[in-house]
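Here's a quick tour for anyone opening this structure for the first time. Have the sequence and the 3D view side by side, and follow along.

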Amino acid sequence: MKVKEFALLVAVVMIFSQGCLMTENEPPTLADGLRRMVASMDEAVAVGLDGAVPYMKTKSPWQCDQAQKRSFSYSYDIKSNDPRAAVKAVRTHWRSRGYRVQEDNSDAPAHPEVYADVAAFELSIVGFPEREEVWVHGNTVCLPGEVPEEWRDVR
């Protein structure tokens, strides 16, 4: 291979790889992260709890010490006839979606739980068989962008 052809090939590969890195490493905005997190939590309710209606929803700020970034958490308390089965169904769903299951204690006798994450948010589900409830929790990672209108009053 001639020196000019080799230099051109190296330049093309470097430009292409830099373009891919910039696209893949672009963090989602706070609004995107919140939207995706809430949608994933709603999917968990639909899959693991047959679409049961949460009787309590809680929004709060989440720890973020990075300048120009924010993070929020959201949780649902839901009645369930079988919290253990709900936790296992949600775990299976999260894995099928490609979420990283970081901790799987779905066989715990007292409080089965699963923790999973993706790039923009973390999720957890904990079952409380003794009171027939499930707690689904999500929080965004620290993300840049404007706080969406529906989250501006969260303190």
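Look for Trp151 in the segment after strand 8 (143-144). Keep in mind that this is a predicted model.

- Setting aside residues up to four places away in sequence, Trp151 touches Leu34, Met37, Val38, Lys59, Phe72, Ser73 and Tyr74.
- One of those, Lys59, sits 92 residues away along the chain, yet the two C-alpha atoms are separated by 8.1 Å.

**The nonpolar core**
- The largest nonpolar core has 29 residues, and the ones touching the most other members are Met37, Trp94, Ile125 and Trp151.
- Two or more residues each come from helix 2 (30-48), strand 3 (72-79), helix 3 (83-96), strand 5 (113-117), strand 6 (121-128) and strand 7 (133-140).
- Helix 2 gives the largest share of this core, with six residues.
- In soluble globular proteins, nonpolar side chains tend to be buried together.
- Trp94 is in contact with Ser40, Ala44, Tyr99, Val114, Ala116, Leu123, Ser124 and Ile125, leaving out neighbours within four places in sequence.

- Six strands make up an open, antiparallel sheet, and their order is 1-3-7-6-5-4.
- Strand 1 (56-61) and strand 4 (100-105) are the edge strands; each has a single partner, so one side of each has no neighbour in the sheet.
- On average, neighbouring strands here are turned by 10° against each other, direction ignored.
- Strand 4 pairs with strand 5 in the antiparallel sense through five bridges.
- Arg100 has Asp117 of strand 5 as its bridge partner.

**Helices against the sheet**
- Helix 2 lies across strand 3, strand 6 and strand 7, and runs at about 15° to strand 3.
- Helix 3 packs on the sheet too, touching strand 4, strand 5, strand 6 and strand 7.
- The direction of helix 3 makes about 160° with that of strand 6.

**The disulfide**
- How many disulfides are there? The count comes to one, and it joins Cys64 to Cys142, with an S to S distance of 2.3 Å.
- Cys64 is in the loop between strand 1 and strand 2 (69-70), while Cys142 is in the loop between strand 7 and strand 8, so the pair links distant parts of the chain, 78 residues apart.
- Both Cys64 and Cys142 are buried.

Notes:
Residues are numbered from 1 along each chain as its sequence is written. This is a predicted model: local features need pLDDT of at least 70, side-chain atom pairs count only at pLDDT 80 or more; totals for chains, interfaces and linings use all residues. Side-chain values use heavy atoms; hydrogens and water are left out. A nonpolar core is a set of buried Ala, Val, Leu, Ile, Met, Phe, Trp, Tyr and Cys residues joined through side-chain atoms within 4.5 Å. Buried means under 20% relative accessible area, exposed over 50%, partly exposed in between (1.4 Å probe, protein chains only). Helices (H or I, at least four residues) and strands (E, at least two) are DSSP runs, numbered from the N terminus. Contact means heavy atoms within 4.5 Å. Two strands pair if DSSP finds at least two bridges between them. Axes are lines fitted to C-alpha atoms, for helices over the stretch in contact, and angles run from 0 to 180 degrees between N-to-C directions. A disulfide is a pair of cysteine sulfur atoms within 2.5 Å.
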